[in-house]
Amino acid sequence: MASSNNRELISKASPHTIKKFELIEEYIKSWAQKLMLNQYCNGIIFIDCMCNSGLYHDENGVLVEGTPIRVAKALRDVAGQYPHKQVFLYFNDIDQDKTDLLQTKLPSARGNYHVVVTHEDGNALLKEIGSKLDLQNHLHYFLLYDPYDASIDWEALFPFFRNWGEVMINHMVSDPVRAITQVRKSSAKVKYESTYLDAFENLVPFGSDKNAYEKRVEEIIKALKGRREYFVAAFPFYNSQNSQVYSLIHCTGSKEGFKLYKKSAWKTFGARSSTKNSHVDKNQLTLDFSGQGLVTTSTDESCFVVTDIAKYLSRAFAGRTEVPLQELWDLLDEHPIFPSEGYRTEIRNDLKNIFGATIGMVVNPRSFKKETVVSFSKGNPQI
């Protein structure tokens, strides 16, 4: 059930919600530029089917712009830079009062910049749009699916997983964690069954295990995407009590989009992997009893820092010498959380200063060109 706050025309936005706005805006700006530079892309389509009014009050009562207004302004600028390519924005909310307010705050349509605002059921709208997707027009879409609770209509999302584009889902993991063991109403049971595509009695054992719900959602996504190569990255958002509220899950068939989302998330979070207020000191050394009892750095797996990336690489390449630096970045390309771009200098410094790796130059015997290589210690006391 949606909270009373979400029924307000201008609802309250917690700090983690504002961070969500910032992450989506950061990603869309970079995503749009990459696509517009692609000669095979004729334009972009942004869809927010549950957009709210676009305005919020922060904890101090200050008015804050939400995702629709931020994205609309960013893509208006992009449309101006690429006048021969099209930009389409579709904003929808079931509450007409909210869409009426939103419409007064959006940039006006002009030339190659098109804005459509509707007020209907978001899932019904997606089913209508999904039935008309056409790969031949070479338009690249981005679908933001941000419901008020844990409800996910996979039938509405299915066409978007099977066509070229990207889907971002706000998975409200706090909803089932808080409520699933207390559910009595059949309508609530049906909601969870529809969201996790399993019988309610099979979901109850998940209890408060957030990872179980997250894993189930990712299993569904991978099943719906078919045989095509697909990349899924999920980043958690925490409230002021350090409890996880939701994850923002990015789904794409493009490795470049996958890499870009990870980079955008870490940038938004301040060189970290979440909004959690972690009290782990990255320089605090502890004994690692999982291996040989070696000394290692402390890690909070719900809020990684750059040192954790260096630790991961040190373990992955332990004992190897003269590893081409590009091989390290290629491995990070595949990681579901760690970015391969944006923090390379910091990663290199941690590899050398904390984990004892040596970095130098050698001549590649094939190309006869110099390249940077990394040599990793087999038994460094801090790995």
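# Pockets, helix contacts and selected residues

Helix α1 provides the largest share of the lining of the largest pocket, 5 residues. The model is a predicted one, in which local features need pLDDT of at least 70 and side-chain atom pairs count only at pLDDT 80 or more, while totals for chains, interfaces and linings use all residues. Residues are numbered from 1 along each chain as its sequence is written, and side-chain values use heavy atoms, with hydrogens and water left out.

Helices (H or I, at least four residues) and strands (E, at least two) are DSSP runs, numbered from the N terminus. A pocket is an open set of points on a 1 Å grid over the protein atoms alone, where a 1.4 Å probe fits and protein lies on both sides within 12 Å along at least five of seven lines; its lining residues have an atom within 4 Å of a point. Grid points are joined across faces, edges and corners, and a volume is the space filled by probe spheres set on the points.

The largest pocket holds about 850 Å³ of space. Its lining has 42 residues, and those closest to the centre are His-16, Thr-17, Met-172, Val-245 and Tyr-246. At least two lining residues come from each of β1 (11-12), α1 (15-36), α2 (67-81), α6 (174-179) and β10 (244-252). By residue type, this lining divides into 15 nonpolar, 19 polar and 8 charged. In this scheme Ala, Val, Leu, Ile, Met, Phe, Trp, Tyr, Cys and Pro are nonpolar, Asp, Glu, Lys and Arg are charged, and the others, Gly among them, are polar.

The second largest pocket has a volume of about 690 Å³. It is lined by 30 residues, with Ile-45, Leu-139, His-140, Tyr-141 and Trp-164 nearest its centre. Here too α1 supplies the largest share of the lining, 4 residues. Elements that give at least two residues each are α1, β2 (43-48), β5 (86-92), α4 (122-130), β7 (139-145) and α10 (255-268). The lining of the second largest pocket consists of 17 nonpolar, 7 polar and 6 charged residues.

The axes of α10 and α12 (residues 325-334) come within 9 Å and cross at roughly 90 degrees. Axes are lines fitted to C-alpha atoms, for helices over the stretch in contact, and angles run from 0 to 180 degrees between N-to-C directions. Contact (heavy atoms within 4.5 Å) is made by Lys-255, Phe-258, Lys-259 and Lys-262 of α10 and by Leu-332, Asp-333 and Glu-334 of α12. These contact residues divide into 2 nonpolar, no polar and 5 charged.

Helix α11 (residues 306-316) is mostly covered, with 8 of its 11 residues buried. Buried means under 20% relative accessible area, exposed over 50%, and partly exposed in between (1.4 Å probe, protein chains only). The buried residues of α11 are Val-306, Thr-307, Asp-308, Ile-309, Ala-310, Lys-311, Leu-313 and Ser-314.

## Individual residues

| Residue | Relative accessible area | Class |
|---|---|---|
| Leu-197 | 43% | partly exposed |
| Asn-242 | 24% | partly exposed |
| Gly-122 | 8% | buried |
| Trp-154 | 5% | buried |
| Gln-326 | 43% | partly exposed |

Leu-197 is not a glycine but has a positive phi of about 50 degrees; it lies in the loop between α7 (186-196) and α8 (200-203). Asn-242, also not a glycine, has a positive phi of about 65 degrees and is found in the loop between β9 (231-238) and β10.

Trp-154 lies in helix α5 (residues 154-162). Not counting residues up to four places away in sequence, Trp-154 touches Phe-161, Ile-169, Ser-194, Thr-195, Leu-197, Val-217, Ile-220, Ile-221 and Leu-224.

Gly-122 belongs to helix α4. Leaving aside its neighbours within four places in sequence, Gly-122 is in contact with Cys-49 and Asn-92. Gly-122 and Asn-92 are 30 residues apart in sequence, and their C-alpha atoms are 6.6 Å apart.

Gln-326 is found in helix α12. Gln-326 and Phe-160 are 166 residues apart in sequence and 33 Å apart in space, C-alpha to C-alpha.
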